Amino acid sequence: MLRLLFYFCGVNIHQKYILRSIELGKKGLGTTAPNPMVGCVIVHKDKIIGEGYTSPYGGPHAEVNAINAVVDKHILSEATLYVTLEPCSHHGKTPPCADLIIKHKIPEVVIGIKDPHEKVAGKGIEKLAAAGCKVSVGVLEDECRKHLKRFLTFQEKKRPYIILKWAETEDGFIAPDPKIRKNTPEPFWITNPYSKQLVHQWRNQEQAILVGTHTVLEDNPKLNTRDWAGKNPIRVVLDKNLRIDSHFHVMDQSVKTSILTQIEDESKYLEGIDYVVIDFAKPVAAQICEVLHKHSITSVLVEGGSKMLQTFIDEGLWDEARIFTAQKTFKGGIAAPRIKGKLLSKERILSDTLSIYTHD
């Protein structure tokens, strides 16, 4: 008989260890995708005896790392395992975590949320219960959903988690008048170096970064994490008519790059670059989401330009907007996107103000 306990409010010992599991899971941010960044804690007589979080993609899951961290495996038969997401029940790049839990005869498993992935979707819970485990589901569910927002958006909405980012001046411009730009295309920095470094940290945390043709032609960005240690995101560039040639940084093949275009003539494609044909007569943002979902991209940082950002806003396809406002004025130029959302936070980064909005 399936025994599930649901927790809705109040403070209890289960919440204490699920909170710790969430903190552990955060250590996998930027490395586990497309797998979720899960955290796991194993407790024996109110003492943590093992902790773990999801390894970089292809490696062991959180439950495996937590169990492996336990020195005396014999006491696992008297322990409680806490995990933010339902243990998997299927063979992927690694064996099922539910099977490992059962193998070590862990008698109680406390789960933050059920896994919506079609290959799991309750099967892990059922397998554990059938083996005699006491299974509790729904502990700090809201907190776990927030933590696993990228994975859940991908699974439930069939698209990546979308973060819009831009910097604007106090008078509402995202870029100066093209007439005052340098002859050589280089990024025009509105924000200070500290804000720039923060953006590079964000790039490290997401699977992909997306820009439009105009941004590449005007700024010639590298779209990498050179100011922050870590991996570079996959570069995705919208280039309707293949105007971006091999002289631009995004085509240097130093990072995996995909070009979304309407040109079907493969003789115009550059070697080492992925090309995907989309229909520009149809909603573009929706097609971008479809392409990214097909390629297992669970999150994307949309960095510009203004037209690209506004396209996602107008189609209602965004989850967060991170907007820098600098103490500068252009008195003309390219207007910043127009957005409405719920203000989540506002903070100063020296001379800049960072406002983060969520989509209602």
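I call a residue buried under 20% relative accessible area, exposed over 50%, and partly exposed in between, using a 1.4 Å probe and protein chains only. By that rule Tyr-275 is buried, because its relative accessible area is 16%. Leu-217 comes out partly exposed, because its value is 21%.

**Ground rules.** I am working on a predicted model, where local features need pLDDT of at least 70, side-chain atom pairs count only at pLDDT 80 or more, and totals for chains, interfaces and linings use all residues. Residues are numbered from 1 along each chain as its sequence is written, and side-chain values use heavy atoms, with hydrogens and water left out.

**Confidence.** I looked up pLDDT, the predictor's confidence in each residue from 0 to 100. The protein averages 92, and 94% of the residues score at least 70. Residues 1-10 stay under 50. For that stretch the model has 22 contacts (heavy atoms within 4.5 Å) beyond four places in sequence. Where pLDDT is low, the predicted coordinates should not be read in detail.

**The sheet.** I take helices (H or I, at least four residues) and strands (E, at least two) as DSSP runs, numbered from the N terminus. Two strands pair if DSSP finds at least two bridges between them. I then traced an open sheet of nine strands, with mixed pairing, in the order β12-β11-β10-β9-β13-β7-β14-β17-β16. β12 (274-277) and β16 (342-349) stand at the edges with a single partner strand each, so one side of each has no neighbour in the sheet. Neighbouring strands are turned by 20° against each other on average, direction ignored.

I checked two pairings. β9 (residues 208-212) and β10 (residues 234-238) run parallel and are joined by five bridges. There, Val-211 stands opposite Val-237 in β10. β16 and β17 (residues 352-358) are antiparallel, with seven bridges. Glu-347 has Leu-354 in β17 as its bridge partner. β16 and β17 form a hairpin with two residues between them, and Leu-350 in the turn has a positive phi of about 55°.

**Helices.** For angles, axes are lines fitted to C-alpha atoms, for helices over the stretch in contact, and values run from 0 to 180 degrees between N-to-C directions. Helix α9 (residues 284-294) lies across several strands, including β7 (161-169) and β13 (299-304), and runs at about 150° to β10. Helix α10 (residues 306-314) also packs on the sheet, touching β7, β9, β10 and β13, at about 130° to β7. In helix α6 (residues 149-157), the buried residues are Arg-150, Phe-151, Leu-152, Thr-153, Phe-154 and Gln-155.

**Rings.** Rings of Phe, Tyr and Trp (its six-membered ring) pair if their centres lie within 6.5 Å; planes under 30 degrees apart count as stacked, over 60 as edge-to-face, the rest as tilted. I found three aromatic pairs. Tyr-17 and Tyr-82 are tilted, 5.1 Å centre to centre with 45° between the planes. Tyr-17 lies in helix α1 (residues 13-25) and Tyr-82 in strand β4 (residues 80-85), so this pair ties together parts 65 residues apart in sequence. Both Tyr-17 and Tyr-82 are buried. Tyr-269 and Tyr-275 are stacked, 4.1 Å centre to centre with 5° between the planes.

Last, a charge sits over a ring if NZ of Lys or CZ of Arg is within 6 Å of the ring centre and within 35 degrees of the ring normal. Arg-322 has its charged end over the ring of Trp-202, 4.7 Å from the centre.
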